[in-house]
Amino acid sequence: MSALLEHVMSPEVRPFAIAAAMIVIVGSIEVVSMLVGASLSEMLGTNIDFAHPSDNGVINAISWINVGGVPLLIFLLLLLGAFSITGFLIQDIARLVAGPLPATLASVGAIAVSIPLVRATSRAIARVIPKDESYVVGLGDLVGRIGEVVIGPLDQGPPGKVSVADIHGNRHFVWAVAAPASAPLPQGTMVLLVDRDGTRFVAVKADDELKPSKPSLSSS
């Protein structure tokens, strides 16, 4: 164990060990923040739309890497993971051939490999994960829509998740809490999104006449 620790913390691989440690730290913070009713993913949200062309070259470059294609927290974890794994592999190969590279040179190589790798990986992930936001409609357009509690119950404490379709039929999975005067809303309850604070919605139980005849989570 001491030999492994010494290898991981050696100067030539220290940047990659730090990146790996950051993955553990960021993941732990996200878990704890969700338990207390917040979310690091929400805190890292941005009003910049990376999905459309811009006159700003920096934004276009960031968009090429696919920031905005997946939640920012997932993107950061992918980037840290790719940098860490690639860096360790570069140094292991260099050590077998001649000897470890300087940490700076190995880091440049790891970044060069990680960027296209993260771009391809994030694009693949974006095709299969549900998104809280859409490039077609804004979150504000979901206020007034009927959804179903999929992670609950919803109360005035930590938020749960509601599955809701926008006007185009695209389904979103959004954070929501029950309205102040509402009783807890169990999983499976059809709810009306009546307000929004950032990316968190306020929900009440939907009246029977507002409920769709055959609600389905698989509709798109």
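Along the sequence, the chain runs α-α-α-α-α-α-β-β-β-β-β. That pattern comprises six helices and five strands. The model is predicted. Of the 220 residues in the chain, 33% count as buried.

**Overall surface and contacts**
- The chain has an accessible surface of about 12600 Å². Carbon and sulfur atoms account for 66% of that surface.
- Among contacts with a separation of 6 or more, 60% join residues 24 or more positions apart.

**Nonpolar cores**
- The largest nonpolar core holds 14 residues. Within this core, L142, L154, V162, V174, L193 and F201 touch the most other members.
- The top contributor is β3, with three residues.
- A second core is separate and has nine residues. Its members include F16, A17, F83 and A110.

- Helix α5 spans residues 72-97 and contains I85. S84 also lies in helix α5.
- Is S84 buried or exposed? S84 has a relative accessible area of 5%, so it counts as buried, the cut-off being under 20%.
- Is I85 buried or exposed? I85 has a relative accessible area of 55%, so it counts as exposed, the cut-off being over 50%.

**Contacts of S84**
- Beyond residues up to four places away in sequence, S84 touches F16, A19 and A20.
- A polar atom of the S84 side chain lies 2.9 Å from the backbone oxygen of F16.

**Nonpolar surface patch**
- Which residues form a nonpolar patch on the surface? They are I85, L89, I93, L96 and V97.
- Together these residues have about 590 Å² of accessible area.

**E12 and its loop**
- Where is E12 placed? E12 sits in the loop between α1 (2-8) and α2 (14-35).
- The E12 side chain makes a polar contact with the side chain of R95, at 3.3 Å.
- Leaving out residues up to four places away in sequence, E12 touches Q91, R95, P100, L101 and A103.

Methods: Residues are numbered from 1 along each chain as its sequence is written. This is a predicted model: local features need pLDDT of at least 70, side-chain atom pairs count only at pLDDT 80 or more; totals for chains, interfaces and linings use all residues. Side-chain values use heavy atoms; hydrogens and water are left out. A nonpolar core is a set of buried Ala, Val, Leu, Ile, Met, Phe, Trp, Tyr and Cys residues joined through side-chain atoms within 4.5 Å. Buried means under 20% relative accessible area, exposed over 50%, partly exposed in between (1.4 Å probe, protein chains only). Helices (H or I, at least four residues) and strands (E, at least two) are DSSP runs, numbered from the N terminus. Patches are made of residues with over 30% relative accessible area and no salt bridge: like charges are joined within 9 Å, nonpolar side chains (Val, Leu, Ile, Met, Phe, Trp, Tyr) within 5 Å. Accessible areas come from the Shrake-Rupley method with a 1.4 Å probe; for residues, only the protein chains shown count as cover. A salt bridge is a side-chain nitrogen of Lys or Arg within 4 Å of a carboxyl oxygen of Asp or Glu. Contact means heavy atoms within 4.5 Å. A polar contact is a pair of N or O atoms within 3.5 Å; within protein, one must be able to donate a hydrogen and the other to accept it, and residues adjacent in sequence count only if both atoms are side-chain atoms.
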